[in-house]
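This report walks through a few local features of one protein model, taking them one at a time. Please keep the sequence and the structure in view while reading.

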Amino acid sequence: MSSTLFDYEWQFLVQLITRMTYCQTYEETCEMLLQQLKTLISFQSGLVFQAAREDGAVALIDPISTGLSEENVDRTGFSDGSFSLWDDYLAAPSSVVFRLSDVVAPARMEKMRVYRDCWQRNNIYWGLFASLACKDRPLAVLGLLRRKIDDDFSARDIYIFNTLKDPLERKLQSLLAGGSGAFVFRSEKIAGAASGYGLTKRETEIVTLVCRSKSSEEMCRKLSISRATLSKHLSNIYTKTKVRSRTQLFGLFAEA
């Protein structure tokens, strides 16, 4: 498949990078990324591991995942050193994107113990990864996984990962180095902008959560309201601000 993206895909990719900029913690960044990437790339499950050097090797720790239970994450073999074939990628001094099929041919992989003991049991076969590092310091590994019945990740998927690689590297370097590195939406700034549109206190709270890339479920849980109530509030917000979507709302208050 061609690596060319449609205009709407480019727009979403730019918006995804912008959302990443506004995330305030490592966990929030990873969770948002795994959630939003599904719009651009089809995958069964996704993982992000922090990476650290231990005794000269790169260890993967503290997984954040989607589509896998905590128990099954432990059974993938990523964090126990089973994937020695990709050590060169993990130990690279800068960030790199690769597919599992570029590291080891599928026919060979099927004969490996790690495939039989770990991947096959979790119905995992294809993998696309970004090993993120800055100035020879490992930061994290982002991986998307597919079943055997699905196609391998395409040149288009690799292109998307390569586009995300540098801004994600900078973001994680900032977060994991101890500084937040995030543009913080100050509550008074949002409140000031919201008052100009005549938004209520509850509507302002919802705008704040939208600007933090929270899902509908997360907003309902945070505000103790139902989906129907959230939809009603969003409809009123759209009318007052003259936007049609959360993305436009995000852009409006990001520029406020």
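## The model and its helices

Helices in this report are DSSP runs of H or I with at least four residues, numbered from the N terminus. The model is a predicted one, and the descriptions below should be read with that in mind.

## The largest cavity

A search of the whole structure finds one cavity of 30 Å³ or more, and the space in the largest cavity amounts to about 30 Å³. Its lining is made up of Thr-29, Cys-30, Leu-33, Val-48, Leu-132, Leu-142, Leu-168 and Leu-172. Sorted by class, seven of these lining residues are nonpolar and one is polar, while none is charged.

Which helix gives the largest share of this lining? Helix 2 does, with three residues; helix 2 (26–37) and helix 8 (155–176) each supply at least two residues of the lining.

## A pair of antiparallel strands

Strand 4 (residues 126–134) and strand 5 run antiparallel and are joined by nine bridges. One of the pairings links Ser-131 to Val-141, its bridge partner in strand 5. The two strands form a hairpin with two residues between them, and in this hairpin Lys-135 takes a positive phi near 50°.

Strand 5 (residues 137–146) has nine of its ten residues buried, so the rest of the structure largely encloses it.

Just after helix 12, Lys-242 takes a positive phi of about 60°.

Which residues of helix 12 are buried? They are Leu-230, His-233, Leu-234, Ile-237, Tyr-238 and Thr-241. These residues cover an arc of only 140° around the axis, which puts them on the same side of helix 12. An α-helix has 3.6 residues a turn, so residues three or four places apart point the same way. The face of helix 12 turned away from the buried side carries the exposed residues Ala-228, Lys-232 and Thr-239.

Glu-203 is found in helix 10 (residues 201–211). Is Glu-203 buried or exposed? With a relative accessible area of 4%, Glu-203 is buried, because a residue counts as buried when that value is under 20%.

Glu-203 and His-233 are 30 residues apart in sequence, while their C-alpha atoms are 6.3 Å apart in space.

Key: Residues numbered from 1 in each chain as written. Predicted model: local features only at pLDDT ≥ 70, side-chain atom pairs only at ≥ 80, totals over all residues. Heavy atoms only, no water. Buried < 20%, exposed > 50% of the residue type's maximum accessible area, 1.4 Å probe, protein only. Pairing = 2+ DSSP bridges. 1 Å grid on protein atoms, 1.4 Å probe; cavity = no way out; pocket = protein on both sides within 12 Å on 5 of 7 lines; lining within 4 Å. Points joined across faces, edges and corners; volume = space filled by probe spheres on them. Nonpolar A, V, L, I, M, F, W, Y, C, P; charged D, E, K, R; others polar. Arc of directions from axis to C-beta.
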